[in-house]
Amino acid sequence: MARFRRRTCVILLLFILFICSIMMALKTLRPDRAGFGDPFGLGLLPELQQRTVLLDSKQNSLNRAQGDTVTRVSNLHSIAVNTMKASMFPAKKLEEELSSPNYNFHIFYYTWYGNPQFDGKYIHWNHPLLPHWDPKIANNYPKGRHNPPEDIGANFYPELGSYSSKDTTVIEAHMKQMRSASTGVIVLSWYPPGMADENGEPTDDLVPVVLDYAHKYNLKVTFHIEPYKDRDDRSMYHNVKYIIDSVGPGYIDTSIRPWNNHNTRNRVNGKYYETAFSAALLVRPEIISITSFNEWHEGTQIEKAIPKRTGQVVYLDYKPHKPNVYLELTQKWSEKYRKEQEQWLM
């Protein structure tokens, strides 16, 4: 009886060890990639495993596709936002960088310049030397025309060179300079359509372009109607009338009127300009007009000028100051005028 019990215990123990061995063997066959939730012993069922791998592969592809779609949508959103920011940023930055416009500061602006690149020839830069009305005096001075780009009809030389008024990059550069000087209104030299001065060509088609760029820089535009044939009260009826007062940086037109030295007004390194501003403020004017931004022939410009020397010509310049000195002086007096106006109204 005792022997039977020992045998039974041994058999039971062996059976238990056999079961444990099988379970250990099954455990070793479990796929390494299996995570929580994978059926135990899936590796023993190849067909089912293959289907599961296929389903996993499809699911991963779907997830990747959805992820790519989300990424593309996200990227498109970022591009749209960045584009919107980029379009808004320049205008905002422009306003932050430039001085506030003073709409009681007016400046004359001329669009009659041309060069071969934009106009097929030089216009106005090749201005003729104008003879004196007295032949005896006229005989003492040279005759002919200027020969750009080195020899231009001006006593100063522009930083932008012998430019064309049709060049939109030039127009924008001018607007930026005028705005940096705190001027607020452009007095645009204007002839009716089809008309021009004796040395130029019609420029009325440039008016929309000037208006567009002036708007970009928050500048206003009014029209200085130049003298033209048969101009009378009827032809002027619908044109803008304008009051002009006593300010300019200087005057010298001997490059086109070599006999006109007696009318030269020396700039005295900006002192003449500042004296004119000071005198203008004494009468408490409603408007101050500046002659001019770019009338190079008569040397009244405040546009940037640079030192220039050619074989026969030495141009005047703004030294010892920088090329933008008259823009800075204009900005200074614009602010002074704005502050004094506030006191006048108190």
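This is a predicted model: local features need pLDDT of at least 70, side-chain atom pairs count only at pLDDT 80 or more; totals for chains, interfaces and linings use all residues.
Biologist: Which residues of α8 and α9 meet?

Modeller: From α8, Tyr 273, Glu 274, Phe 277, Ser 278 and Leu 281 take part. Their partners in α9 include Tyr 326, Leu 329, Trp 333, Lys 336 and Trp 344. By class, this contact has eight nonpolar, two polar and four charged residues.

Biologist: Now to Ser 182. How do you know whether Ser 182 is buried or exposed?

Modeller: Its relative accessible area is 0%. Buried means under 20%, so Ser 182 is buried. You will find Ser 182 in the loop between α5 (168-180) and β3 (183-190). Leaving aside neighbours within four places in sequence, Ser 182 is in contact with several residues, among them Ser 99, Pro 101, Phe 105, Gln 331 and Glu 335.

Biologist: What makes the pairing of the Ser 182 and Glu 335 side chains a polar contact?

Modeller: The two side chains are joined at 3.4 Å, and the cut-off for such a pair of N or O atoms is within 3.5 Å. Therefore the Ser 182 and Glu 335 pair counts as a polar contact.

Biologist: And why does Asp 317 count as partly exposed?

Modeller: The relative accessibility of Asp 317 is 26%. Partly exposed lies between the buried limit of 20% and the exposed limit of 50%, so Asp 317 counts as partly exposed. Asp 317 sits in the loop between β6 (305-306) and α9, and its side chain reaches the backbone nitrogen of Lys 319 at 2.9 Å.

Biologist: What is the phi of Asn 218?

Modeller: Asn 218 has a positive phi of about 55°, although it is not a glycine. This residue is in the loop between α6 (207-216) and β4 (220-225). With a relative accessible area of 33%, Asn 218 is partly exposed.

Biologist: Where is there a cis peptide bond?

Modeller: One joins Pro 148 and Pro 149, with omega about 10°. The bond from Thr 291 to Ser 292 is also cis, with omega near 10°.

Technical notes. Residues are numbered from 1 along each chain as its sequence is written. Side-chain values use heavy atoms; hydrogens and water are left out. Contact means heavy atoms within 4.5 Å. Helices (H or I, at least four residues) and strands (E, at least two) are DSSP runs, numbered from the N terminus. Ala, Val, Leu, Ile, Met, Phe, Trp, Tyr, Cys and Pro count as nonpolar, Asp, Glu, Lys and Arg as charged, and the others, Gly among them, as polar. Buried means under 20% relative accessible area, exposed over 50%, partly exposed in between (1.4 Å probe, protein chains only). A polar contact is a pair of N or O atoms within 3.5 Å; within protein, one must be able to donate a hydrogen and the other to accept it, and residues adjacent in sequence count only if both atoms are side-chain atoms.
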